[in-house]
Amino acid sequence: MKQVTIYTDGACSGNPGPGGWSAILIYRESRLELSGYEAHTTNNRMELMGPIMALSKLKEPCEVLLHSDSSYLINAFEKHWLENWQQRNWVTSTKKPVENQDLWKQLLSMTQKHQVRWIKVRGHSDVALNNRCDELARGEIRQHAGRA
């Protein structure tokens, strides 16, 4: 299997508000930067869009090291929130519908094709590629909404 490293981030100006997502994919010496914008969204949705868009670029099953500063994203996989939500028919422990089910379901489908290892990084620290993702996501908001 090919080994791919991915960094992702999401940003929102207001929550909800205009948002941007980003991803950087690295395979051997190649690097691909992706980013996008949504006019009315939430920070959590943007944190999920980065990995979704990055994984959608992989043409075959890969071993993926996916780095994110989103506890929401990482904990859902590492602390088995997703498994629990599915067992409870997409209801949280507080009996509320799980937010962003559409994106979680997309992401779950994609992670069945790849071997993904989730790596939590500290946001706004000395992780250069995480900082670059933040810059790309915020850049989308500035470009489209004039904020961030």
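Is Glu33 to be classed as buried, partly exposed or exposed, and at what relative accessibility? In this predicted model, in which local features need pLDDT of at least 70 and side-chain atom pairs count only at pLDDT 80 or more, while totals for chains, interfaces and linings use all residues, Glu33 counts as partly exposed because its relative accessibility is 30%, where buried means under 20% relative accessible area, exposed over 50%, and partly exposed in between (1.4 Å probe, protein chains only). Residues are numbered from 1 along each chain as its sequence is written, and side-chain values use heavy atoms, with hydrogens and water left out.

Side chains of opposite charge can pair when their charged atoms come close. With a salt bridge taken as a side-chain nitrogen of Lys or Arg within 4 Å of a carboxyl oxygen of Asp or Glu, the count comes to 6 salt bridges. One of them joins the side chains of Arg31 and Glu33, at 2.8 Å from N to O, and Arg31, at 48% relative accessibility, is likewise partly exposed.

Glu33 also forms a salt bridge with Arg132, with 2.8 Å between the closest N and O atoms. Because Glu33 belongs to strand 3 (residues 30-41) and Arg132 to helix 5 (residues 128-145), this pair ties together parts that are 99 residues apart in sequence; helices (H or I, at least four residues) and strands (E, at least two) are DSSP runs, numbered from the N terminus. Arg132 has a relative accessible area of 25% and is partly exposed.

Within helix 5, Arg132 and Glu135 lie 3 residues apart, about one turn of the helix, and form a salt bridge whose closest N and O atoms are 2.3 Å apart. Through shared partners, salt bridges join Arg31, Glu33, Arg132 and Glu135 into one network.
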